[in-house]
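Please look through the sequence and the 3D structure shown here before reading the report that follows.

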Amino acid sequence: MFAFIVRRLLTIPITILLVVFVTFIVLRVTGDPVQIYLDINATPEQTALLRERLHLDEPLIVQFGLFLWDVLRGDFGMSLQFATPALPVVLGRLGATIQLVSVALLFAFVFGVAGGIVAALRKDRLPDFLLSALAVAGQSMPSFWLGILLIQTFALDLKWLPTSGTGSWQHLILPAVTLATFLLPNFILITRTTVLETRSELFLTTARSKGASESSIMFRHLLPNAINPVLSFLGLQMGRLVGGSIITETIFAWPGIGSLMIRSIFQRDVPVVIAAVFIVSIAIVLANLLVDILQSLIDPRMRLD
Amino acid sequence: MKRKTSPRSGGLRGVLALSAVGLWGLSAGLAGAQTLNVGVQGLPDSLDTAVSSFAALNMALQTMDALVLRDDTGKTMPGLAESWEAVDPLTWRFNLRDGVTFHDGTPFTAEDVKFTLDYILAPDSVYGSKSRIGQIESTAVVDEHTVEITTTVPFPTLIIGLSDIPIEPKHYVEKVGREAMIAAPMGTGPFVFESWVPGDRYALTANPDYWQGAPKVEGVLFRQIPEASTRAASLIAGENQIIEEIPIDIIPQIEQSEDVSVQGVETTVGLLLTFDTRNPPYDDVRVRRALNMAVNKPLIFDRLLQGKGAVLKGQMLTSNTFGFNPDLEEIPQDLEAAKALLEEAGYADGFDTSITTRSGKYLSDVDIASAVAGMFRDVNVNAGVNIVEQGVFSKMVQARDMGPLHMVGWYSVGDADFATVWFTEDSGRAYWKNDEYEELFTKARSTVDEAERLAAYNRMMEIMHEEVPAIFLFGLPSIYGMSDSLTGFEPPSDKIMRLWNAEIAAD
């Protein structure tokens, strides 16, 4: 187990190096940050000064080398738009995103798994049809559309919740529901399928013949076996979740990494974009590691060493 | 007092409403002023005055003042300087306002002006608006309330340039340092900085000692809401009393809602479709004129801009700009004349062309480009619309190849100098060349005689009207949504919100 974790931790830098390299190159070849950052009336001297300061006069690969050396020392450079170091800018937004994503995940996971179990136990009956229909509907709703619909209904028509922004727990509800709806349908459908599959396994028949109670069968035998596919799915979806948070944060004016990232991309603020990608990649890799560990704890067959 | 009770809300809401009435009655006597909530598209990325975006200047000018202020129509008026005069073509004398204090109570003096201008003009500074006052040679303190600014060349746009320069408190910056000033800006402005959460909110409290009179609200809270439909929802829900940057397609939603309304104001941005005149067919003025005549501008204006802003009067300048030529008229649609001109130029069967535009840079930009392309078809010109992303656009700018026609809006901030420069050769953005235009531009830039300048710009507009280096489309509007309970606020033509007179009527 320990060796496995160490092995996985060692691959993180390679993954992240790759991600940072691709981001850097794509941003540099598609636009000139100087053009965007400086006032349109900027003098040639101003342009030259900034160009030199950003090493934009060097070949691309040298620029990347210089950049990487700085990154190794935790220095992502100065944000072009904020005129402050990039990493603290990103870290300052991390809290809001973690808050949003974790509430959304919790919501999606609890309701998804519960819904999936109910659908499986009531297979081909009304609850199953309803839940499956809901899942398909949820899956086909784009988040920006759902977000605006929720604002219209709960903030404008019913006046129960604020439209956007931060300040109280009420502000968190609509964005979290929107982001959760992104994952919830898949959780329902996957849980439903795996519960159905597990239910026909022989060890359940054995448990039942031993005289185990239905609740013990459910929580000690069925769930641990059914939950693993859901967990691996969760690991795979972390990237999509970040993508979803970009849209959700923008719609709901949630000051997290997602909205920072999209704005920085448009501003060609390379230091901030790369710092954000860096932090997000680490988060995704760590989340996947956590999923692997959880899985091997739940299911001894999955212990890798 | 109005309170809406919808049928479905039932008895409980009624009881709540009643108790709310009681509470309201109680608090009405206590609370006069309120906090004004403003939903903006984007907060500035930093409170550093060196950042030159409109968003940044809008925030800076809430807490700070410039020597020269602008009103909502863009006209300059005395700010921290009570009056000014050109002593000679290279020297300006500014008489500063007496009795103005910074938020910490320290009096504002000539030293603060010199400190600010010296900081900006230092050779290594990357201050965003530096070029607006770039021709200043030096600033001299004459006495506590008088400064003299010397320029390297006659510098007619100094006054309007100074309206973009917030004056910084020398004593404060020297004491706490630049970083601390950026983290907690201080000035002489109508509002006092309270807090700032990047990407989220910017909170201010009223400055009771403001020299133009204390603000009528207790404070202002700016909230960043990047998505336009959410911004509109926040206005309709009553969370914000002002929202900016409303896209055309959202206007009806707001207009249909109660207690809120939409107002548009013409900015100084003139939207153009610029021809690449270096290559056929646009090297021929007849073709350029024909395409100008092919476009039904009033129709596009009514449909795609909902009549907000203005149709340009056959020139690149908006009517609120110094240098605007009132004798010119918009070029009307005339398909027969256009066809005749094209035939004369040898393009009776038309040709293929394309319009380069960005998406979301200007109000309805892509829709306008598509509508124009559709109208070209009536004169047999087959135009595609090439939508490019900002990064690609900036590459095209550098390569000086924007395609046959490209959409661009040049802002003048009230003075022709800033807009007309883009059709001079030195700007690197022009394809069209005209010697007289260049001469007049240089002449207007090097005299402080207002009448002489006006004559030069008027003639330049005439030349452009004849030579049509671009299709003159619209003076773009800035569209604001406002709560009906708000008074004392007018939508500004320059995106700088003037809020010290704003007042929220009790419900």
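What distance separates the centres of domain 1 of chain B and domain 2 of chain B, taken over C-alpha atoms? The two centres are 34 Å apart.

## About the model

This is a predicted model, in which local features need pLDDT of at least 70 and side-chain atom pairs count only at pLDDT 80 or more, while totals for chains, interfaces and linings use all residues. Residues are numbered from 1 along each chain as its sequence is written, and chains are lettered from A and ligands numbered from 1 in the order in which they are written.

## Two domains in chain B

In chain B, domain 1 covers 10-224 + 484-504 and domain 2 covers 266-477, with bounds that come from an automatic or database domain assignment. Eleven residues of domain 1 are in contact with 13 residues of domain 2 (C-beta atoms, placed from the backbone, within 7 Å). On the domain 1 side, these residues divide into six nonpolar, four polar and one charged; Ala, Val, Leu, Ile, Met, Phe, Trp, Tyr, Cys and Pro count as nonpolar, Asp, Glu, Lys and Arg as charged, and the others, Gly among them, as polar.

## Where the chains meet

Between the chains, 37 residues of chain A are in contact with 35 residues of chain B. Helix 7 of chain A gives the most to the chain A side, with four residues, where helices are DSSP runs (H or I, at least four residues) numbered from the N terminus. By class, that side of chain A has 17 nonpolar, 15 polar and five charged residues.

Conventions: Two residues are in contact if their C-beta atoms, placed from the backbone, lie within 7 Å. Helices (H or I, at least four residues) and strands (E, at least two) are DSSP runs, numbered from the N terminus.
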